[in-house]
Amino acid sequence: MTTETTPAGPFAYAPAPESRAVVDIAPSYGLFIDGEFTESSGQDRAKTLSPATEEVLAEYTQANAEDVDRAVKAARKAFEKWSALPGAERAKYLFRIARIIQERSRELAVLETLDNGKPIRETRDADLPLVAAHFFYYAGWADKLDHAGYGRNPRPLGVAGQVIPWNFPLLMLAWKIAPALATGNTVVLKPAETTPLSALFFADICRQAGLPRGVVNIVTGDGRTGEALVSHPGVDKVAFTGSTAVGKAIARRIAGTDKRVTLELGGKGANIVFDDAPVDQAVEGIVNGIFFNQGQVCCAGSRLLVQESIQDELLDSLKRRLATLRLGDPLDKNTDIGAINSAEQLARITALADTGEAEGAERWSAPCELPSAGYWFAPTLFTGVTQAHTVARDEIFGPVLSVLSFRTPDEAVAKANNSQYGLSAGIWTEKGSRMLAVASKLRAGVVWANTFNKFDPTSPFGGYKESGFGREGGRHGLEAYLAPATPKGER
Amino acid sequence: MPIAPASALSEVTASDQALRRFLHGLPGVDPVGLEARAASLGTRSIKAEAKAYAIDLAISMIDLTTLEGADTPGKVRALAAKAVRPDPTDRTSPATAAVCVYPDMVETAKAALNGADVKVASVATAFPAGRASLEVKLADTRDAVAAGADEIDMVIDRGAFLAGRYLKVYEEILAVKEASGAARLKVIFETGELSTYDNIRRASWLGMLAGADFIKTSTGKVAVNATPANTLLMLEAVRDFRAQTGTQIGVKPAGGIRTSKDAIKFLVLVNETAGADWLDNHWFRFGASSLLNDLLMQRQKLATGRYSGPDYVTVD
């Protein structure tokens, strides 16, 4: 597959594919429970595909309730010793895991690109460095929990049941597992049904690092497995990243239990461009905001709010830039836009884009040829969008940008906040006072100024409103895995 | 962007105030974002036939330069011979775009080139500091043109620019342009001394408004010369200037580009910022000397599959 669709011109880049030989995918995978790969008690199997080619990469296990029970029991058994380890000892394992991830980062980047469909440029330059950084960061916290601001000697919660999405499979695993382990919890993690492979490779890394048995357990499967996990009475803490609909179902499911929960759900981020913005960098930020990872990012800047006085000029620049995006083989090092993760997601994006058109918004797509096999969607933007359009309200979770305009800073804030979500926002202006004033009025968990989609393990991430609750990352991310400190005298 | 009638832009140079308002009204530059974009384009992987194309294009874009107090006719003749036939073992190698020398060496260079399709570029205007009266700068320029220079590389008055006397800088460029006659004028900003990206964008527009045929980063004589970020910024400026006026201006990064890998990164910047129209030595140049040998070694590697080493290319 060598389809590249950039304007050819005289300087056409030859294919530069990253080698698949660095990764060895087994034909079939079991579950990782109590430190080893085991078979399910049932016979249910599923397949995972490469979304860029629809090639079957491997078969994996659809874990049933019995398997989940086994995993939770293993985690419970491991908890006693793991939580009793001095923080500095737990840190050693986390540092070791972080180093192994760095050593195996090329292999993991290729694997993630194959299973997810995102470009190797992103897995190599964004996902994997962030995964390792996250483990390094929380390793550093493990022996300093007394100083995290949660009182002396804060305690872990117990067994964490964690369910993660398919858009950043290994990075979301790191966001979940690193703080849980640093604080002394043990985990049962379920990766998404379309991207189970990197979690299974991570299981191997845990073995390589000599992590005690049962501290990390990986159960694969679809929503049924996830439901069995979050409903299991032996789970003390539920952490979920995914859609708002499933997040609500989980919240209902665990209502009335003593389980702690954090939810990181959808978003409809507003990227606000003022007339004094650094225009060329704003264009890059808009592109990065909505076309990074094919827009399959919960904090994507999917609503562009541009000051009316510069709208035409900015849109011209943006379209010119979009025409240079290279869509095609995700393993090619020059690919900017990869495949949509699944047929199901492609159908959802397609339907929402069609709704945008039917409701009268004007559709424009970058001129590019889509490969014949696999799941693809051309970078698309809608102009003439108002707050009343579906494409301005619903999360599309794809490479589709809705362009709205505003006249004054107050109007920008009002429109940005007029959403059921509140996960992210961006502000583009060269005026510092305006930047700070607007940021303080936005109801969004992350506000980026003159940048977008920048992540760092030291920075807390999470949402307002239907974007969920709880924070991941930074010192704040520890709170989700710690019980309040034991009061004086009871120690 | 609509193409403005020339008069619309001529008004902005009517007075110091008008020029200042215009230059300070240009969009700001976020340094972090600019450098991130330049770095990201630097990760493009250029292989096989694309690499061969880029190497030959880069060779053809070099202004092969010697600007030393120790320059002699012999040194300049050697440089000219190399410019015409960069690789004595392989006649298929393109010639460089030009040789670039001090004004007193123009005649020697011209004679040594003996009608070959390689231009003679001369630095002028009290290069590199530019600290001289306008009369001296113009005399320097006329000298070079009279000796046969096809291109003049002038330096702007950075002192005047940093003091906010934009009209003085503008008028000096106009005067040098006139003194250059038919020679193409490259205007050097010495970006390392302008220091901020906002200044580089303003200088770019100032130079283009004053009639520069090329805008050029630097003299090669200061600590910071051409970088991917400042070149990207200047490529954005020529792209926007053409969109607004219809006039295409060239770009020349100079100093600090030493390897084929670096040169190819700059060509990627050209390709994905200004566009393919600039992928030609009429519109893009490298001010360099040691770069040529690295390009030739890479070229030999592509042709033979083996690295030859520094003894298989000529020293200047």
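How many helices and strands does chain B have? I counted 14 helices and eight strands in its secondary structure. Helices (H or I, at least four residues) and strands (E, at least two) are DSSP runs, numbered from the N terminus.

**Ground rules**

I noted that residues are numbered from 1 along each chain as its sequence is written, while chains are lettered from A and ligands numbered from 1 in the order in which they are written. This is a predicted model, in which local features need pLDDT of at least 70, side-chain atom pairs count only at pLDDT 80 or more, and totals for chains, interfaces and linings use all residues.

**Entry: chain B as a whole**

I looked up the extent of chain B. Its C-alpha atoms fill a box of roughly 60 × 45 × 35 Å along the principal axes.

Buried residues make up 54% of the 316 residues in chain B. A residue is buried if 20 or more other C-beta atoms lie within 10 Å of its own, exposed if 12 or fewer, and partly exposed in between, with C-beta atoms placed from the backbone.

I then checked the contacts. Two residues are in contact if their C-beta atoms, placed from the backbone, lie within 7 Å. Among the contacts in chain B with a separation of 6 or more, 75% join residues 24 or more positions apart.

**Entry: chain A as a whole**

Chain A has 15 helices and 21 strands. Its radius of gyration is 22 Å, close to the 23 Å that the globule rule gives for 491 residues, so chain A is as compact as a globular protein of that length. The C-alpha atoms of chain A fill a box of roughly 65 × 50 × 35 Å along the principal axes. I found that 57% of the 491 residues in chain A are buried. Residues 24 or more positions apart account for 73% of the chain A contacts with a separation of 6 or more.

**Entry: the domains of chain A**

The assignment gives domain 1 (20–265 + 469–483) and domain 2 (270–457); such bounds come from an automatic or database domain assignment. The C-alpha centres of the two domains lie 30 Å apart. I found 23 residues of domain 1 in contact with 22 residues of domain 2. On the domain 1 side, helix H3 (105–116) and helix H4 (120–141) of chain A are the elements that give two or more residues. The largest share, seven residues, comes from H4(A). By class, this side of domain 1 divides into nine nonpolar, eight polar and six charged residues. Ala, Val, Leu, Ile, Met, Phe, Trp, Tyr, Cys and Pro count as nonpolar, Asp, Glu, Lys and Arg as charged, and the others, Gly among them, as polar.

**Entry: helix H3 of chain A**

Is H3(A) mostly covered or mostly open? It is mostly covered, with nine of its twelve residues buried. The buried residues include A:Leu108, A:Leu111 and A:Leu114. Among what covers them are strand S3 (45–49), helix H2 (87–103) and helix H6 (197–208) of chain A. The end C-alpha atoms of H3(A) are 16 Å apart, which agrees with the 16 Å its twelve residues should span at 1.5 Å a residue. The expected span is 1.5 Å times one less than the number of residues. After H3(A) comes A:Gly117, whose phi is positive, near 100 degrees.

**Entry: where the chains meet**

The contact takes 25 residues from chain B and 23 residues from chain A. Helix H3 (31–41), helix H4 (48–60) and helix H13 (260–274) of chain B each supply at least two residues of the chain B side. H4(B) gives the largest share, five residues. The chain B side that touches chain A has 13 nonpolar, five polar and seven charged residues.

I followed one residue across. A:Phe11 is found in the segment before strand S1 (31–33) of chain A. A:Phe11 is buried, with 21 other C-beta atoms within 10 Å. Its contacts include B:Ala50, B:Tyr53, B:Leu267 and B:Leu279.

How values were computed. Rg over C-alpha atoms; globule rule 2.2 N^0.38 Å. Lists of a residue's contacts leave out its neighbours within four places in sequence.
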